[in-house]
Each structure stands twice: as structure tokens, then as C-alpha cells.
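I opened this notebook to record what I looked up in the model, topic by topic. The sequence and structure go in before the entries.

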Amino acid sequence: MKRSILFVTIYILIDCGYLTDGSIMSMIDFRYWRCVMKREWKCPDSEINFYLYTPERPYKQWVDVRRVNKLPHYGWKLSRKNVLIIHGFNGTHSKTPMTFLRDAYLSRKDYNVFMVDWSPLTRFPCYLSALSNTKLAAQCTAQLYSHLTQAGALARNITCVGHSLGAHVCGMMSNHLTEKQYKIVGLDPARPLVAEYGSRLFRLGREDAYVVQVVHTNAGFLGESGLIGHADFCVNGGRLQPGCKGHLMRVARCSHFMSACYFSASVSKRLRIVGVPCDSSCPKQDRWGIRPGGRPLKLGDDVPDTARGMYCVSLDHQQNCPFD
């Protein structure tokens, strides 16, 4: 417990600049009184919002989950697949790299894209309250999911894509559904405090959907380690990514966000990322345990639902991945 609390404290101190510039004044900006921990579990909730984007209308349209019958008026089409994109700690639906994910799916022309924004419940430095609030975010997003299926959308045509804490929100949604989801993509699912204290019901696992695929880019630090889903991709050893520069925490955060940028580039087909079967550990040490004769697998939206095991990716491409 002490180690985890120390980790979160160091995260806050470094990210606020206190440990880099030595100024005590930066501590004043913590604004702990802004932390929100939900006590009521009612949906819809004014601090959890959903925005629809379509190929014809690639701009923000607020969705009232009480009136999903009006979705066709906003360009939603039953013939398309649907993706729910969920940001993580201190994110918003409008920050990079979440916008990269949005635009990647829009570029395919066959998706209705829903952005889930729970930013008031996950703002910095309120990590502990954000962890608690994942439960309500999952409950309310599950309500949207249910409305989509009631409107005729097939579960097979709905994918939940979550980054960091958002990946766990995707997983927790199935706690509120009569039938678990068909497909979840977890992008470097958050590790701090979750790895040691999160029960199966409050973290992403392969039991949460019929197909669970995971991308690891900062495994064992900000991201979960090891095989989590049915098919996991361990990129560049899973811990640190090329092109990430600066102090330790900035390199870790950059690597953590790279999962979303790599996946976006794969979905939009701007980058061909291929993994080869390897042992189930991630992060990797010196030897990756490549399994000879295994069939390579391309990362992206087209990963076969039948794919199983860990896939190692070696990539020296320095993908541009700005983050706030």
C-alpha cells in the first residue's frame, strides 16, 4: 500500500513540476477541493456526456440517452458499426490522442463514433476519486450501450475502446448488462492501484467480452502487465516507446499514450503494425520468447476475433503522439 501511495504522490509532484523546478508555489495548484467522488449511482448523470460523430457530420453532437430514438436525426445509421471511445485519467473526449482515435474510425466511413466524456470525474490530481468514479462512468455508458441495442444495433457491431482508466470502464460496463459485450479494445489499461487492489469486477479482463484485445506500451508502470485479454500486443517490449523524451514520468506518460496513437494509425491504415506470437509476459526483458512458426497478426480494427495469446511488436517508427 505504501509503495502505491508513494507512486501516486511522485506522479503528482513531478507532473505539477514540484520535483523539477523546486518551487513550493506549484504545490498550491493541487486544487484538491475540485475533486468529485460520486455518492449516488443514477444515470444519466450531468457529468458524464456522450457525443456522436458520423462520416457525414464529423463534429460534436450531444446525445441525450433518454431520447435515443432521435439518433437518426443526427446522422446515426443502423447499417454502420458503432464504437464507444472512453478516455482515461485527466483526459477529455476532445484531447489528443482521443481525437486521433475518433478521426481514425471516421476515416473508415463505416462507423458511428461515440465519444464518452467523464472529464469532471477524472480531473488531475484526483486519481483516487477517479478510480471510484469509474463505476458510475461504466454504469452510464452501459445505459447508452443498451439503448443502442434496443434501437436495433447488433452487439457484434459495437466495440468499446478505452485508454488507461477508460479501458477498465469498458470492462466494467458488462457488470450492468444482461449479456456481456462482444468486443473491447483496451489501450494500455491503467495499473496504479488497480493492479494491487482492483477486484475482477472493477478491472478489464477477458471475461468482460467475447473478444478482448489489449495493446501494451507502458506495461508494469502506468499500464497493466501480462496477458489481460484474449489477444494482447506487447509493443517494443511493452515498457518504453521510441520518440518519448524528457524526465522519467514524461517518458512513461508518453509511452502510455502511444498505445492510442499506434492503434489509431493502424485503424486508419496509416501504419502497418504486425505482431508475432511470443510468450505471455509483458513487459519483456532481453529475450522476447518468440514462438517459431507462429502466424503474424496485424494490429488494428481487423484483428481476427479468434486471435489468442501475446503478440510481440517491434516498431522503430517514431509516431507523432502529442498529449496534454
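The entries below go from the sheet to a helix, a pocket and some backbone details.

**Ground rules.** The model is predicted, and I kept to its thresholds: local features need pLDDT of at least 70, side-chain atom pairs count only at pLDDT 80 or more, and totals for chains, interfaces and linings use all residues. Residues are numbered from 1 along each chain as its sequence is written, and side-chain values use heavy atoms, with hydrogens and water left out.

**The sheet.** I took helices (H or I, at least four residues) and strands (E, at least two) as DSSP runs numbered from the N terminus, and I counted two strands as paired if DSSP finds at least two bridges between them. On that basis I read an open sheet of 11 strands with mixed pairing, in the order E2-E1-E4-E3-E5-E6-E7-E8-E11-E9-E10. Strand E2 (61-62) and strand E10 (297-298) are at the edges with a single partner strand each, so one side of each has no neighbour in the sheet.

**Strand E5.** I next asked how E5 is joined to E3 and found 5 bridges, with the two strands running parallel; E5 and E6 also pair in the parallel sense, again over 5 bridges. Threonine 159 of E5 is the bridge partner of valine 83, and in E6 the bridge partner of threonine 159 is lysine 183. For burial I used relative accessible area: buried means under 20%, exposed over 50%, and partly exposed in between (1.4 Å probe, protein chains only).

**Strands E9 and E11.** E9 (residues 274-278) and E11 (residues 309-313) run antiparallel and are joined by 4 bridges, and valine 276 stands opposite cysteine 312 in E11.

**Helix H4 over the sheet.** I then followed H4 (residues 127-150), which lies across strand E1 (49-53), strand E3 (81-86), strand E4 (111-117), strand E5 (158-163) and strand E6 (181-187), and runs at about 175 degrees to E3. The axes are lines fitted to C-alpha atoms, for helices over the stretch in contact, and angles run from 0 to 180 degrees between N-to-C directions; contact means heavy atoms within 4.5 Å.

**The largest pocket.** I looked up its volume, about 320 Å³. A pocket here is an open set of points on a 1 Å grid over the protein atoms alone, where a 1.4 Å probe fits, with protein on both sides within 12 Å along at least five of seven lines, and lining residues have an atom within 4 Å of a point. Of its 14 lining residues, Leu131, Ser132, Leu193, Tyr197 and Gly198 are the closest to the centre. H4, helix H5 (165-173) and helix H6 (194-197) each supply at least two lining residues, and H4 gives the most, with 5.

Which residues of H3 are buried? I listed Met98, Thr99, Leu101, Arg102, Ala104, Tyr105 and Leu106; as 7 of the 10 residues of H3 (residues 98-107) are buried, the helix is largely enclosed by the rest of the structure. What covers these buried residues includes E1, E3, E4, E5, E6 and H7. Serine 264 lies in H7 and is buried, at 2% relative accessible area; leaving aside its neighbours within four places in sequence, serine 264 is in contact with Pro97, Phe100, Leu101 and Ala104.

**Backbone details.** I noted that most residues other than glycine have a negative phi, and most peptide bonds are trans. The peptide bond from threonine 96 to proline 97 is cis, with omega near 5 degrees, and proline 97 lies in the loop between E3 and H3. The bond from cysteine 282 to proline 283 is also cis, with omega near 15 degrees. Lysine 109 has a positive phi near 70 degrees in the loop between H3 and E4, and at 55% relative accessibility lysine 109 counts as exposed. Asparagine 236 has a positive phi near 50 degrees, yet at 17% relative accessibility asparagine 236 counts as buried.

Definitions and conventions:
Points joined across faces, edges and corners; volume = space filled by probe spheres on them.
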